[in-house]
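This report looks at charged pairs, a helix crossing and a surface patch. Please have the sequence and the coordinates at hand while reading.

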Amino acid sequence: MIRPVQTQIFAVIGTPIKHSLSPLMMNEAFRVLGLNAMYLALEVHEPKKGLETLFDAGFSGLSVTIPHKETVFSLVDVEDEASKDLGAVNTLKRCSDRWVGRNTDWIGIVESFKRRGISVAGKRALVIGAGGAARSAVYAAKAMKMDVTITNRTVSRAVELGKHFDCDVIGFEEINKKGISFDVIFQTTPAGMTGYMERPELPSIVFNSDMIVMDFVYNPLITDFLQHARSKGCIIITGLEMLLYQGVAQFEWWFRRKAPVYAMKRILFKSVGVHDHG
Ligand code: NAP
């Protein structure tokens with residue numbers, strides 16, 4: 001067994017991982033608090049082997065990202081209800097003899113609303129997408145007491161998700177045809193992400209100034225979808241805020257102390273060219 005005795009070591013594991021912003025955010029948190037800790041980005045292809053190796057090497061905590069969240073869930077003990085409902089974990093903490101997992105993705109979404117002082121209880125939410133990110137969005141929207149409807153390019157996947165979380169499902173055509181309006185939209189697909197080659201296939205939303213629109217993509221920070229929503233007066237929430245607050249929750253679980261949110265936010269937004277983020 002190898003054990004770091006001075007510096008605590010953390011990492012984000014996934015593939016591809018080269019462009020992850022998590023090391024920037026976490027190392028800044030360690031720096032401003034003067035913690036003797038470091039955070040790495042590690043390309044891991046075989047999660048089981050990866051977890052064993054990193055445990056033996058004495059890592060204190062891990063962030064888990066695409067495509068390993070579901071596999072890692074099946075490999076570790078989890079201690080929160082959210083992970084069980086989502087079937088995925090994004091955070092691991094070292095315990096004496098094993099990794100313990102949690103899910104903070106949904107917290108990242110809830111906090112993005114809370115920290116803006118936005119109250120959404122009783123509002124109608126539309127979740128676009130039916131993958132892992134959509135699951136977190138549905139879970140978070142329900143935790144915020146919203147009435148949730150799901151739509152997806154492949155309807156059968158939306159139906160499956162709807163069954164799991166007991167939500168309504170609607171097809172793109174129905175939204176396009178009737179111009180049905182929602183109070184909150186969660187765009188959870190990679191459509192619009194820099195470098196993503198597939199043509200975006202999203203429903204035609206009739207935006208209005210009473211709506212709140214969140215896009216999970218943060219590269220670019222303001223997607224075409226958010227741009228359109230903003231031009232119609234909607235409140236917009238970027239994927240970078242979700243990334244920030246899921247990271248804040250990870251930090252606070254690992255260290256059992258308040259995270260330096262402002263410093264983490266400042267460096268994240270600076271990295272995408274925004275210096276005045278409010
Ligand atoms: P996933 O499990 O692969 O699901 C992708 C979803 O997007 C599916 O519903 C898929 O529809 C839909 N989709 C894919 N390409 C599309 C297109 N061109 N037009 C319309 N729909 C399309 O992926 P995921 O894990 O949910 O991640 C989705 C996005 O969320 C990624 O861009 C990821 O980076 C982002 N994300 C951001 C954060 C954050 O902190 N901001 C956290 C997690 C994820 P089909 O079912 O029809 O294939």
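Predicted model: local features only at pLDDT ≥ 70, side-chain atom pairs only at ≥ 80, totals over all residues.

Asp-183 lies in the loop between α8 (172-178) and β10 (184-187), whereas Arg-124 belongs to strand β7 (residues 124-128), so the pair ties together parts that are 59 residues apart in sequence. Arg-124 is partly exposed, its relative accessible area being 37%.

The structure holds 14 salt bridges, among them the one between Arg-98 and Asp-77, whose closest N and O atoms are 2.7 Å apart. Because Arg-98 sits in the loop between β5 (91-94) and β6 (99-102) and Asp-77 in strand β4 (residues 77-78), this pair links parts that are 21 residues apart in sequence. Arg-98 is partly exposed at 37% relative accessibility, and Asp-77 is partly exposed at 41%.

## Helix crossing and Glu-111

The axes of helix α5 (residues 105-114) and helix α10 (residues 239-255) come within 7 Å and cross at roughly 120 degrees, and the crossing is right-handed. The contact involves residues of α5 including Ile-107, Ile-109 and Glu-111, and residues of α10 including Met-242 and Tyr-245.

Glu-111 also forms a salt bridge with Arg-115, the closest N and O atoms being 2.9 Å apart. Glu-111 is buried, with a relative accessible area of 16%, while Arg-115 counts as partly exposed at 42%.

## Nonpolar surface patch

Val-155, Val-159 and Val-169 form a nonpolar patch on the surface, with about 180 Å² of accessible area together. Val-159 is placed in helix α7 (residues 155-165) and, at 35% relative accessibility, counts as partly exposed.

Technical notes. Residues numbered from 1 in each chain as written. Heavy atoms only, no water. Patch = residues over 30% accessible without salt bridge, like charges linked within 9 Å, V, L, I, M, F, W, Y side chains within 5 Å. Areas by Shrake-Rupley, 256 points an atom, 1.4 Å probe, with all protein chains shown as cover. Salt bridge = Lys/Arg side-chain N within 4 Å of Asp/Glu carboxyl O. Helix = DSSP H or I, 4+ residues; strand = E, 2+ residues; numbered from the N terminus. Buried < 20%, exposed > 50% of the residue type's maximum accessible area, 1.4 Å probe, protein only. Axes fitted to C-alpha atoms, helices over the stretch in contact; angles between N-to-C directions. Left-handed = near helix turned anticlockwise from the far one by under 90°. Contact = heavy atoms within 4.5 Å.
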